[in-house]
Amino acid sequence: MKDVETDQQDFESYLYIITHDLKTYSRAMRVIPEWIEEDLHGAGMTLPEEVVTHMSMLKSYAQGMDRMLDGLTDLSRVGRLSDPHSAISLCSAIGAAWARMSDNVGFELDLSGVVGTVQAPQNDLDRLIEALLSNAIIHHGTRTGKIRVSGREDGHRVMLRVLDDGPGIDDGYAEKIFQPLYTLRPKDEVGTAGMGLAIARKVVTLLGGHIGVLESPAGWGCCIECDLPRAGV
């Protein structure tokens, strides 16, 4: 087991190094077309329409690669570059994560059902919460909606549940959505690399818990539940 853990740590260290270096190239792919356009414009030259389209595609693909590499970097940090474990109010952590988000305009967050204090690394818990909230927003299908979060103590664990009022997830995809780089819609359409729920699963697993999609108690929307270690036990 120690050898397996060492191999996993080595792999994640290499992954972090590789993604960090690749981001240099992907960012160059994104900005160099802009420089070319500026240079040609300064020289009084106009690019043909089809060339403008191709340059736009190149920048779009570079942005997608950036998002993918950022996600892989975050995945490699979970558990490897974690904060020390501490007692954290779940309601406060969710509220703070929501305040940091920039894509939640038009959405209402209901925290009235959240209780409990968890024992976890602050940065990994933040990654988990932000991944769950972002998933509810990105895959909602509209720019307005409601996200209801609940938390309850259950023995030595705290059960965290996130329920949205979006279109929900078909049973056949309930496991696939936790795979790295997997998205239900094209990545350029949703503007994400498909790493959020993979990061969420890794955080929960390292904290000795499980995460999965439940049948929505409301009969619609997506419901994701995970369990986390309760503080003070």
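Which residue with a positive phi follows α6? The residue is Gly-208, and its phi is near 80°. The model described here is predicted.

**Helix α6**

Helix α6 covers residues 196-206. Its buried residues are Leu-197, Ala-198, Ile-199, Ala-200, Lys-202, Val-203 and Val-204. An α-helix has 3.6 residues a turn, so residues three or four places apart point the same way.

**Packing of α6 with α4 and α2**

Two packed helices are described by the angle between their axes and the distance between the axes. The table gives both values for α6 with helix α4 (residues 122-138) and with helix α2 (residues 49-77).

| Helix pair | Angle | Axis distance |
|---|---|---|
| α4 and α6 | about 140° | 8 Å |
| α2 and α6 | about 0° | 10 Å |

The crossing in which α4 passes α6 is left-handed. On the α4 side the contact involves Asp-124, Arg-127, Leu-128, Ala-131, Leu-132 and Asn-135, and on the α6 side Gly-196, Leu-197, Ile-199, Ala-200, Val-203 and Val-204. By class, these residues of the contact of α4 with α6 are 8 nonpolar, 2 polar and 2 charged.

For α2 and α6, the angle is about 0°; the two helices are therefore roughly parallel to each other. Here Gly-71, Asp-74, Leu-75 and Ser-76 of α2 make the contact with Ala-198, Ile-199 and Lys-202 of α6. The contact of α2 with α6 has 3 nonpolar, 2 polar and 2 charged residues.

**Gly-71 in α2**

Gly-71 lies in α2. Its relative accessibility is 9%, and it therefore counts as buried, the cut-off being under 20%. Leaving aside residues up to four places away in sequence, Gly-71 touches Met-195 and Ile-199. Gly-71 and Ile-18 are 53 residues apart along the chain, and their C-alpha atoms are separated by 13 Å.

**Asp-124 in α4**

Is Asp-124 buried or exposed? Asp-124, found in helix α4, has a relative accessible area of 5% and is therefore buried. Its side chain makes a polar contact of 2.5 Å with the side chain of Ser-82. The side chain of Asp-124 also reaches the backbone nitrogen of Gly-79, at 3.3 Å. With residues up to four places away in sequence not counted, Asp-124 touches Val-78, Gly-79, Ser-82 and Val-203. Among these, Val-203 is also one of the α6 residues that meet α4.

How values were computed:
Residues numbered from 1 in each chain as written. Predicted model: local features only at pLDDT ≥ 70, side-chain atom pairs only at ≥ 80, totals over all residues. Heavy atoms only, no water. Buried < 20%, exposed > 50% of the residue type's maximum accessible area, 1.4 Å probe, protein only. Helix = DSSP H or I, 4+ residues; strand = E, 2+ residues; numbered from the N terminus. Axes fitted to C-alpha atoms, helices over the stretch in contact; angles between N-to-C directions. Left-handed = near helix turned anticlockwise from the far one by under 90°. Contact = heavy atoms within 4.5 Å. Nonpolar A, V, L, I, M, F, W, Y, C, P; charged D, E, K, R; others polar. Parallel < 35°, antiparallel > 145°, perpendicular 65-115°, else oblique. Polar contact = N/O pair within 3.5 Å; in protein donor to acceptor, adjacent residues only side chain to side chain.
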